[in-house]
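Dear colleague,

Please read them with the coordinates open.

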Protein chains: 2
Amino acid sequence: MIQKRRYSKQRECILNALQSTKSHPSANMVYDMVRQEIPNISLGTVYRNLAELVEEGAIIKIDAGDGMEHYDGYNKPHYHMFCRGCKSVSDIEIEYHAGMDTAAAKESGAEIEYHNVVFMGMCRNCKKIN
Amino acid sequence: MIQKRRYSKQRECILNALQSTKSHPSANMVYDMVRQEIPNISLGTVYRNLAELVEEGAIIKIDAGDGMEHYDGYNKPHYHMFCRGCKSVSDIEIEYHAGMDTAAAKESGAEIEYHNVVFMGMCRNCKKIN
DNA sequence: ACTATAAACAGTAACAATTACTATTACTAC
DNA sequence: GTAGTAATAGTAATTGTTACTGTTTATAGT
């Protein structure tokens, strides 16, 4: 009677696309990726499923400051950097600073669930040029 | 001959508004604030001046992940938290982790200029309710 | 102080990312 | 297999932001 989440080819394809890349595509980039598999998929479907996958914790959303959301097939908590040169988001594989969460909670009285870190700068390739 | 930045009442008013609040208003909220002083100021003027003030380092832009930019009259590097309950941005006054920048630079080979941290959770008020 | 110059402006139109809507399709419990 | 209802495709609407245009105004040079 009461139906839970229902399977859909589209959602599986979106999740696969995200899990099989190390890049951090925007919704539109995901749209382009899955259209190779499902040519008539709707952009609205991509947005809706990305939101659902974020909500259930299967992927994460990254705010890089370039005016659009980026998505990341989630494995473990990790940090990101945004390159001012090529405007790309990449992983930064340093340890998650769990101590900052407790410090922030103590300072503010808030309940901290997690934190995001975005490093700003010029990536290895772009710093040569500029 | 070559003109530099020129004074404007509007820009001064915008900077004042940001420096005299501890909140982290969006462009639209800034617009509402300065309209009390300059009723016919244009929203475009607010956006342009906010961008210029960010560029010259007088204020900072915060990406909270709620679909719009927030602005902050800048004093020193500090962190922020976004409350899932009341959707507000507040300061977190813990020390800037400069060590993370060098760690990130070493790990990635990038040139790191700085980093932003946004804590996610429920603020002191909202955690009581929920 | 007066004038020429161009930066900054107000007002509005355009834009791009995202969300909402609607009729149709296709999972899944029975 | 069928009924019920999530999920979809396609499209329209919304929202935050940026670009454009004719006008105003700060300021450098007289």
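In this predicted model, a polar side-chain atom of Arg6(B) lies 3.2 Å from a base nitrogen of DNA strand D, which makes a polar contact in the sense used here, namely a pair of N or O atoms within 3.5 Å, where within protein one atom must be able to donate a hydrogen and the other to accept it, and residues adjacent in sequence count only if both atoms are side-chain atoms. Helices α1 (9–19) and α3 of chain A, together with α3 of chain B, are the elements that give two or more residues to the surface near DNA strand D; helices (H or I, at least four residues) are DSSP runs, numbered from the N terminus, and a residue is near a strand if one of its heavy atoms lies within 4 Å of it. The most residues, three, come from α3(A).

Base nitrogens of DNA strand D are also approached from chain A: a polar side-chain atom of Arg6(A) is 2.9 Å from one such nitrogen, and a polar side-chain atom of Ser42(A) is likewise 2.9 Å from a base nitrogen. In total, 21 residues surround DNA strand D, and the closest are Arg6(A), Ser8(A), Thr45(A), Arg48(A) and Tyr47(B). Of the atoms of DNA strand D that come within 4 Å of the protein, 70% belong to sugar and phosphate.

A phosphate oxygen of DNA strand C lies 2.5 Å from a polar side-chain atom of Tyr47(A), and a phosphate oxygen is 3.1 Å from a side-chain N or O atom of Asn49(B). Arg6(B), already named for its contact with DNA strand D, also has a side-chain N or O atom 3.0 Å from a base nitrogen of DNA strand C. For the surface near DNA strand C, α3(B) is the element that gives the most, with three residues.

As for conventions, residues are numbered from 1 along each chain as its sequence is written, while chains are lettered from A and ligands numbered from 1 in the order in which they are written. Local features need pLDDT of at least 70 and side-chain atom pairs count only at pLDDT 80 or more, whereas totals for chains, interfaces and linings use all residues, and side-chain values use heavy atoms, with hydrogens and water left out.

With best regards
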